[in-house]
4 protein chains.
Amino acid sequence: MKATLIVTCPDQRGLVAAIAGFLAQHEANIVEFQETVSAEDGQFFARVVFEVSGSSIAAEEIGPAFTPLARRFDMQWKVYFSTQRKRMGILVSRYDHCMFDLLQRVKSGELAVDVPFVVSNHADLEHVATFFGVPFHHLPVTAATKPEQEARIKALADEARADFLVMARYMQILSGELLGHFPHRVINIHHSFLPAFIGGRPYHQAYERGVKLIGATAHYATEDLDEGPIIDQDVVRVHHGETIDDLVRKGRDIERVVLARAVRMHTENRVVVSGRRTIVFA
Amino acid sequence: MKATLIVTCPDQRGLVAAIAGFLAQHEANIVEFQETVSAEDGQFFARVVFEVSGSSIAAEEIGPAFTPLARRFDMQWKVYFSTQRKRMGILVSRYDHCMFDLLQRVKSGELAVDVPFVVSNHADLEHVATFFGVPFHHLPVTAATKPEQEARIKALADEARADFLVMARYMQILSGELLGHFPHRVINIHHSFLPAFIGGRPYHQAYERGVKLIGATAHYATEDLDEGPIIDQDVVRVHHGETIDDLVRKGRDIERVVLARAVRMHTENRVVVSGRRTIVFA
Amino acid sequence: MKATLIVTCPDQRGLVAAIAGFLAQHEANIVEFQETVSAEDGQFFARVVFEVSGSSIAAEEIGPAFTPLARRFDMQWKVYFSTQRKRMGILVSRYDHCMFDLLQRVKSGELAVDVPFVVSNHADLEHVATFFGVPFHHLPVTAATKPEQEARIKALADEARADFLVMARYMQILSGELLGHFPHRVINIHHSFLPAFIGGRPYHQAYERGVKLIGATAHYATEDLDEGPIIDQDVVRVHHGETIDDLVRKGRDIERVVLARAVRMHTENRVVVSGRRTIVFA
Amino acid sequence: MKATLIVTCPDQRGLVAAIAGFLAQHEANIVEFQETVSAEDGQFFARVVFEVSGSSIAAEEIGPAFTPLARRFDMQWKVYFSTQRKRMGILVSRYDHCMFDLLQRVKSGELAVDVPFVVSNHADLEHVATFFGVPFHHLPVTAATKPEQEARIKALADEARADFLVMARYMQILSGELLGHFPHRVINIHHSFLPAFIGGRPYHQAYERGVKLIGATAHYATEDLDEGPIIDQDVVRVHHGETIDDLVRKGRDIERVVLARAVRMHTENRVVVSGRRTIVFA
């Protein structure tokens, strides 16, 4: 069993020595050690993967043992264990490409997550969920029923012990209330190179503006739509002869890849949010 | 000698046959034939390179001979001859990387243009112009002297018979009046992936927003800053550990390459403006 | 109904006029006109898409009417009609990512082909074919049974009137005899940036050589393995910390995208083979 | 003043703690800590940047103080100080683009190196060296005079206390004897995506093979030409209409950028060689 320790605190002398010393003292071999200091505000961020097996400390003792050190350096911290597979709930509307892609990656073992459910405001994609053996919940939504629908999503996520949600081209805006239950734990894919083309119909906007590259952005969803911390982005070249349909088609390829990369980074506890920015220990 | 014919008109049956037939009738061999039709407004755009040498028509007769056909199809058109090297005036402030790059490409023969002058609002880069054997004009500018300074730029461009101007990181906004003299003939390089991060300090904006790619955009300058038709764009990946200085450094590499590509496309008469978009016959 | 005319012949004066004139004479509107001349051997290549509907010529008359002109210019040529959807047979072994990707693109309408069958030398992926409603044929193969197995593939392709075959990570080498039945009509995806890392285990080779980018190449299969004309390629950046498994995972993403692009180019009659090279009218 | 410590040793428990503990004990603040373990052979590699100013240890005491710890863990190690600017000798033939680019980056402060000399087997580029204020040595070479010419290069490098050499499109092969004096301290730029197109005229080879991307590779020169450890690579897309001259032109842009990145990585002590591979702590 391995553990991943995520630490954030004000930068100060002796931090690396303190963390590594703690692990050495418990005979835990360090597998990966990544750290960075934010130039703007002097915050220190670290991600440390170490072997619990073979060490002299038990998994459940790590937290209590680390607490005094964490207090001394004013750390926010968290430990994740490799035995705890993350549980990912998927929200989807009618576009199937991102959902298909994620489930195929889960099935092939590329993404080490369990998928306890797919929720959709449409019934169209039930057969896809069924093929992959994932329970499908059709939860239609209107302006009037939105609070109720979101309450059901939350109940579903709670019951399924979902660690995070992925909006795999879910064409609805989640309320601040729902998002508040999952801080930095809802990943959205936006079909533009944010912050360009915020809002609806970004491929149409891109076509009209005549850009020569179109993009996709995976970010943590926040109440301010398309303003959340960016996890990953990518672009693809387009040319004058391509129609909006061509842009949509080409865009799907980067949506898939960018979303899958972001989900993998999140799953492996490689993403730390710092204000509007993310640290991604790739 | 070769000629390049650029044609824009409403799409209609027989256009390609008419243009190619005209050239065949004059025994002019077609070297390149590129065309596209805009899906949104049904406009036809063509770029045809043909050999004047070896044909049965003289360069000066092409225009008169083509006019009746152009009228029949309601064409806007222009012919450029390979014997007429374009003349490029450069505007620059204090950053030397784009100026250096352009002049080195001209010197090596990669860009087939003549450079009659460099204008700068600062004196710093005179030695670079001198090294490349290009006349340097130091024209300082303040809010009060701007009309006068721009009048001198215009006079300089006219006297030098400049075909187009390049703002090679010229940190001033040209007035609509000056730009009006050079419609779609002033190329600017903006140091962001437009339309993201319009305006000043785009690398700072990019850093604060936490984007994972930064970009550069070459476009025709218009009165609405950063809103002109885009000729080319590119991006480069950045990560959380990089400071604003790193972004500036990485950005310089794409600024250079994107600007040089746009200048080459313009020089070879490959760019046709269509509203806010460009056709680039690459 | 639209038609796509592909022409190859020695470059000569009047070619564009002759082709476009032929279409104008039959009142057929040209939708796309693309041509290129090979600098090395002076061959002319053209792809012309035109509307048969609305013209004064019937589909079946185009060939006979075009023949005299084709003879005059010594053309090799072919016409494809938009009403004839291409039929694509898929060959696969155990890796499912390319097969999944192709079938999902067909299902969503992105690839305008019919898939009459999937052949595999293993039984593993039958459920995937079944999900997409495609007949699955398990044809195991050994050195001894290869001629017989390939004869069955050929019979299957003939019976299904397959226009082309795709080796979607089919881990067998097709014999020259089988390939001879499908000249430039079998597309393979090789998991390296050819011509680097020809042969087996390219990701292992790439890891050992310490390259900083890995690639994928879609090409027409020929008897000389990995030597066929390249249709498309792409790469992705890797770094020292990534293992061979990481390379395999990252490589899958470009294998999928490169293969899908090559299939689309082939399907839309955009690829013309010229010796070891391809013209791709993208 | 900052120092950069590079460590290589067999991976073992307590390494990070030992290194960070050593620095903490001397009150040296860690600015960057990067490490990796090679999956294939279990070697540990670390790059640690720390502040000497403000610590309780003097620069000259660091080596002696670190030695016992280094012995205990069987480390190979080296310390570089930010006050010691690296000295880079440039070898060049007739192509000026890489030389120009490097010198312009040095001049602008982007590359923190001193350039004590440029050596060329041709006289053509003396004026470029002169413009940048760098001594230029014209050392012609023939098969017969090669040992003597290389001896002069070595003498020049020794006298100038050059830390490393850059072959900025130096069209000569350096002998194993000369390279032996500068192990992993001679950087070459090869104009292909190695290991594809080893040897001469790679753009011609690329054209003939019909690849869809061309590349450039910066690597440490070794006696086996084009076989040395790769530092960085990049590619650019090409299409069927482009001639060999176009490939050469496009290639120059990536040669420049890839070489400059490699030089910067080397200069900042971010590259560690491990057999045929490099660790690049980017």
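Visitor: What is the area buried between chain B and chain A, and what makes it buried area?

Guide: The area is about 3100 Å², with carbon and sulfur atoms giving 54% of it. R209(B), H240(B) and R277(B) supply 25% of what chain B buries against chain A, more than any other three residues. Buried area is the accessible area (1.4 Å probe) that two parts lose on being put together, summed over both. The model is predicted: local features need pLDDT of at least 70, side-chain atom pairs count only at pLDDT 80 or more, and totals for chains, interfaces and linings use all residues. Residues are numbered from 1 along each chain as its sequence is written, chains are lettered from A and ligands numbered from 1 in the order in which they are written, and side-chain values use heavy atoms, with hydrogens and water left out.

Visitor: How many residues does the contact take from chain B and from chain A, and what makes a contact?

Guide: The contact takes 36 residues from chain B and 36 residues from chain A. Contact means heavy atoms within 4.5 Å. Of the interface residues of chain B, 100% are also interface residues in chain A, so the copies meet through the same surface.

Visitor: Why is the meeting of R237(A) and D232(B) called a salt bridge?

Guide: The term asks for a side-chain nitrogen of Lys or Arg within 4 Å of a carboxyl oxygen of Asp or Glu. For R237(A) and D232(B) the N to O value is 3.1 Å, so the pair meets the cut-off. The count between chain B and chain A is 4 salt bridges.

Visitor: What rotation superposes chain C on chain A, and what relation is that?

Guide: A rotation of 180° with 0.0 Å of shift along its axis superposes chain C on chain A, with an RMSD of 0.0 Å. That is the relation of a two-fold axis. F131(C) comes closest to the axis of all residues of chain C, at 3.6 Å (C-alpha).

Visitor: Is Y203(C) buried or exposed, and what makes it count as such?

Guide: Buried means under 20% relative accessible area, exposed over 50%, partly exposed in between (1.4 Å probe, protein chains only). Y203(C) has 4% relative accessibility, so this residue counts as buried. Among the residues that Y203(C) touches are H191(C), L247(C) and E255(C).

Visitor: Which residues of α5(B) are buried, and how do they lie around the axis?

Guide: They are Q149(B), E150(B), I153(B), L156(B) and A157(B). They cover an arc of only 115° around the axis, which puts them on the same side of α5(B). The arc is that of the directions from the helix axis to the C-beta atoms. On the other side, P147(B), E148(B), R152(B) and E159(B) are exposed.

Notes
Helix = DSSP H or I, 4+ residues; strand = E, 2+ residues; numbered from the N terminus. Least-squares fit on C-alpha atoms with pLDDT ≥ 70 in both. Lists of a residue's contacts leave out its neighbours within four places in sequence.
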